[in-house]
Amino acid sequence: MCIFKPNAPRRPDYFIKPENARKWVEWLKEHRSNPVYWRLASFMLLTGARVGEACGMKWEAVDLEQGVARVIRRVRWDQYSKFPFLEDITKTSQSARILMLPKKLQDILLQMKKESVNDLVFTDNKGELLKYNAVQSSFNHGFMALGLPWRSTHICRHTYATMALMGTKNLSAVQASLGHTQQRMTQRYAKAIALLSSDIGEKTSAILFDTAE
């Protein structure tokens, strides 16, 4: 006879609270020599991009005038060597998508573009693809320093989804921005789902970084 142990329900606060998100990003800004980590964290928090999608972003996919970025590739990390390599994802419809860039993020990316040394948006100090363990280590150092319980880069995606749903009440828009094929996947992130709204990026940015004034 097989006995299946039920999965524990996800805690209702499975996201970084806005005040803690701001403190975390500021910690990364002040304590990491390479600014890529606080910029990457901001990008993930404000777009819901997966870490591989963000790290695989190239400038050709970013349109700052229109305020959008196309997710058409991602970084994969070799299971054994941990070596990063780029992978095209345009054939995967649920992954290839458009991200809306709020003004806060556009300003960050504009400065980054001025400093860029190649076609990659996020790079290490040598201008090469970021290694996952370096990203995770930097993120986790900030979480631990601030006494926060998170130990996963994916918490940024959870935070975006929850804040976006709470701020916009637009389930379909959040679903599309996350690249979910089914609404039930999006519904896991928040219960506050009702009216429609179109300015998802700006409202999420306002909640996370107090840019509403």
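**Entry 1: Lys82**

I looked up lysine 82 and found a relative accessibility of 46%, so I noted lysine 82 as partly exposed. The model I am reading is predicted. Lysine 82 sits in the loop that links strand 3 (73-77) to strand 4 (84-88). Then I checked the backbone. The phi of lysine 82 is positive, about 70°, yet lysine 82 is not a glycine. I wrote a reminder beside this: most residues other than glycine have a negative phi.

**Entry 2: the overall plan**

Next I stepped back to the whole chain. I count 9 helices and 5 strands in the protein. In sequence order the pattern reads α-α-α-β-β-β-β-β-α-α-α-α-α-α. How much of the protein is buried? Of its 213 residues, 48% are buried. I also looked at contacts between residues at least 6 apart in sequence, and 64% of these join residues at least 24 apart.

**Entry 3: the cores**

Which residues touch the most other members of the largest nonpolar core? They are Trp24, Phe43, Leu109 and Phe139, in a core of 52 residues. Helix 2 (residues 36-47) gives the most to this core, 9 residues. I also found a second, separate core of 6 residues, with Tyr160, Ala161, Ala164 and Val174 among them.

I then followed leucine 109. I skipped its neighbours within four places in sequence. The contacts left are Phe43, Trp59, Val62, Leu64, Leu101 and Val121.

**Entry 4: Phe139**

Phenylalanine 139 lies in helix 5 (residues 132-145). Is phenylalanine 139 buried or exposed? Its relative accessibility is 1%, under the 20% limit, so phenylalanine 139 counts as buried. Tyrosine 37 is 102 residues away from phenylalanine 139 along the chain, but their C-alpha atoms are separated by 7.5 Å.

**Entry 5: helix 2 against helix 4**

I went back to helix 2 and checked how its axis runs relative to helix 4 (residues 103-115). The two axes come within 10 Å and cross at roughly 145°. The crossing is left-handed. Which residues meet? From helix 2 I noted Trp38, Arg39, Ser42, Phe43, Leu46 and Thr47, and from helix 4 Lys104, Leu105, Ile108, Leu109, Gln111, Met112 and Glu115. Sorted by class, this contact has 7 nonpolar, 3 polar and 3 charged residues.

**Entry 6: Val68**

Valine 68 belongs to strand 2 (residues 68-71). Its relative accessible area is 19%, and buried means under 20%, so valine 68 counts as buried. Leaving out residues up to four places away in sequence, I see valine 68 touching Ala61, Val62, Asp63, Ile98, Leu99, Met100 and Leu101. I also checked proline 102, which is 34 residues from valine 68 along the chain. The C-alpha atoms of this pair are separated by 8.6 Å.

**Entry 7: cysteines**

Last, I looked for disulfides. How many are there? The count is 0 disulfides. I checked two cysteines for burial. Cysteine 55 has 0% relative accessibility, so I recorded cysteine 55 as buried. Cysteine 156, also at 0%, counts as buried too.

Methods:
Residues numbered from 1 in each chain as written. Predicted model: local features only at pLDDT ≥ 70, side-chain atom pairs only at ≥ 80, totals over all residues. Heavy atoms only, no water. Disulfide = S-S within 2.5 Å. Buried < 20%, exposed > 50% of the residue type's maximum accessible area, 1.4 Å probe, protein only. Core = buried A, V, L, I, M, F, W, Y, C linked by side-chain atoms within 4.5 Å. Helix = DSSP H or I, 4+ residues; strand = E, 2+ residues; numbered from the N terminus. Contact = heavy atoms within 4.5 Å. Axes fitted to C-alpha atoms, helices over the stretch in contact; angles between N-to-C directions. Left-handed = near helix turned anticlockwise from the far one by under 90°. Nonpolar A, V, L, I, M, F, W, Y, C, P; charged D, E, K, R; others polar.
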